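User: Hi! I've got a structure open and would like to talk a few bits of it through with you. Ready when you are.

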Amino acid sequence: MLFSILIANYNNGQYLQEAIDSVLAQTYNDWEVVIVDDGSSDDSYKVYEKYADDGRFRIVHNGRNRGCTYSKWRAIEECHGELFGFLDADDTLLPDALETMVAAHQSNPDAAIVSSRHYHCDESMNIRYESRLLQIPEGESYLTYGDFQPEAFVTFKTSFYRKTQGLNKNNPYGDDQELLLLMEEVGDWIVLDRFLYKYRISDKSVSHGTDNYICLYWNIVVYHQACIRRGLDPEKYSYKVFQDTIINTRKRAEASKPYRIGNAILHPWQWIKGHLRRQNDR
């Protein structure tokens with residue numbers, strides 16, 4: 001059973017070889033690697049050159065930066081495997097990842113998704129902590145349960161993906177969540193209590209960088225779209241899920257020093273009144 005490992009790469013040349021090495025170390029050998037380069041300007045090309053004559057690797061180029069969702073959409077379109085899963089260019093697989101996933105898919109023919117647990121690691125890939133075990137209660141779905149944390153390693157049956165409308169390649173973010181939501185609509189989801197993936201936390205990670213709020217917005221968009229597809233109330237299952245996150249984010253922003261300085265400059269009289277009130281309260 002051919003397994004397609006899909007890598008969307010944008011300027012992660014410093015980590016890419018480590019990701020590829022983790023594929024080469026797999027105990028399961030019937031695989032292909034599809035790398036979609038999203039207009040990288042670093043030395044990623046040096047890694048590509050090493051595998052130019054290796055039939056197991058295919059490198060395709062977007063020509064310009066098109067964004068993560070477009071790159072992942074294209075990677076799926078380019079793959080030939082009966083199963084596929086994404087490996088971020090700065091992450092790694094544990095050696096038995098593919099073997100474990102293939103066996104799980106074969107044992108569960110109605111499963112569209114099989115996912116595992118993962119290790120959260122620092123920049124040097126030292127393990128910091130373990131991911132939680134996703135447990136969706138009986139009668140709930142991933143969407144209605146609302147436990148939206150990163151999932152890795154997540155693998156899919158390609159034939160089930162073809163039953164969906166596919167990723168919206170025009171969305172800049174929200175691709176991981178959209179794929180999960182689409183796939184759970186066409187098949188079962190099996191969660192393995194196994195650690196098969198090492199997830200690197202760095203400043204370049206979208207979920208830990210300056211694009212975090214934009215990413216949050218696009219996730220809300222894909223949850224809203226999923227609600228519409230399923231005939232559910234977005235007010236109940238989409239917006240309110242993020243209400244606490246948005247409120248807490250605003251509170252953190254307002255408590256920050258840059259915000260307070262900027263607020264004092266833009267609203268000096270309001271700041272002076274607040275300052276005097278705090279002095280009187282002491």
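User: Which residue in S9 stands opposite Arg-117?
Analyst: Phe-195 in S9 stands opposite Arg-117 in this predicted model. Strands here are DSSP runs of E with at least two residues, numbered from the N terminus.

User: And how do S6 and S9 run, parallel or antiparallel?
Analyst: Strand S6 (residues 111-121) and S9 run parallel, joined by nine bridges. For two strands to pair, DSSP has to find at least two bridges between them.

User: What about S5 and S9?
Analyst: Strand S5 (residues 92-93) runs antiparallel to S9 (residues 188-200), with two bridges joining them.

User: New topic: is Glu-184 buried or exposed?
Analyst: Glu-184 is buried, at a relative accessible area of 16%. Buried means under 20%, exposed over 50% and partly exposed in between, using a 1.4 Å probe and protein chains only.

User: What does its side chain reach?
Analyst: The Glu-184 side chain reaches the backbone nitrogen of Tyr-142 at 3.0 Å. Glu-184 also touches Ile-113, Leu-143 and Trp-189, among others; contact means heavy atoms within 4.5 Å.

User: How confident is the predictor overall?
Analyst: The average pLDDT, a per-residue confidence from 0 to 100, is 89, and 82% of the residues score at least 70. Over residues 206-210 the pLDDT is below 50. Where pLDDT is low, the predicted coordinates should not be read in detail.

Note on methods. Residues numbered from 1 in each chain as written. Predicted model: local features only at pLDDT ≥ 70, side-chain atom pairs only at ≥ 80, totals over all residues. Heavy atoms only, no water. pLDDT = per-residue confidence, 0-100. Polar contact = N/O pair within 3.5 Å; in protein donor to acceptor, adjacent residues only side chain to side chain. Helix = DSSP H or I, 4+ residues; strand = E, 2+ residues; numbered from the N terminus. Lists of a residue's contacts leave out its neighbours within four places in sequence.
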